[in-house]
Amino acid sequence: MPKLGPKAFEQCAGFLRVPESDNLLDNAGVHPESYQAAEKLLTLCGYTLEDVEQGRIVLLSGRLKQVGEARATAYCGVGMATLNDIVKELMKPGRDPRDELPKPILRTDVLEMKDLKPGMVLTGTVRNVIDFGVFVDIGVHQDGLVHISQVADRYIKHPSEVVSVGDVVKVMVLDVDEKKKRISLSMKQAK
């Protein structure tokens, strides 16, 4: 097996959050390649990582504007888009970006898994897109899975060809297993 350099591990750990880490940035959505830029930004704006941890950086965006965005991007060695992403992540370390997605439009008669019946057509919000399917929030405290074979009427290599996180979709309930807490859904049969 070939020996992997440190860059290989930086790339694969990109947005993994590690709350137990000694480095606060490991629990933020800041890419490891941008840690140095994040620390430079904090220094430039008069903050420390401890300030981030204690939630004492509410004025970070304002201070960045005072310093000047052009000066900050040059000093930190990143573009404006990356700098804005770093600011957003530092403001709320440990946040789950899915919390900002729109809430699904729910039926009032479907509140728990026991209310689901095969054949029901519901509206939900895509919460995660993975290689083998799509997880959809249909409002019963357990996301349902649309297997890749049930996403579209045509062959697709990856579900991201059809849907993205945050999309509102119609799904049909195929199966409900309350003991295993599994909900099987279909998008193609809901049309």
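How exposed is Glu69 in terms of relative accessible area? Glu69 is partly exposed, at 32%, where buried means under 20% relative accessible area, exposed over 50%, and partly exposed in between (1.4 Å probe, protein chains only).

Colleagues, this is a predicted model, in which local features need pLDDT of at least 70 and side-chain atom pairs count only at pLDDT 80 or more, while totals for chains, interfaces and linings use all residues. Residues are numbered from 1 along each chain as its sequence is written, and side-chain values use heavy atoms, leaving out hydrogens and water.

Glu69 forms a salt bridge with Lys65 (3.9 Å, N to O); the term requires a side-chain nitrogen of Lys or Arg within 4 Å of a carboxyl oxygen of Asp or Glu. Lys65 is exposed, at 59%. By this rule there are six salt bridges. One of them joins Arg56 and Asp51 at 2.9 Å, N to O. Here Arg56 is partly exposed, at 43%, whereas Asp51 is buried, at 13%. Glu50 belongs to a salt-bridge network with Asp51 and Arg56.

I turn now to the interior. A nonpolar core is a set of buried Ala, Val, Leu, Ile, Met, Phe, Trp, Tyr and Cys residues joined through side-chain atoms within 4.5 Å. The largest has 24 residues, and Leu41 and Leu90 touch the most other members. Beyond its neighbours within four places in sequence, Leu90 contacts residues including Leu25, Ala38 and Leu41, contact being heavy atoms within 4.5 Å. A second, separate core holds 21 residues, among them Val134 and Leu185.
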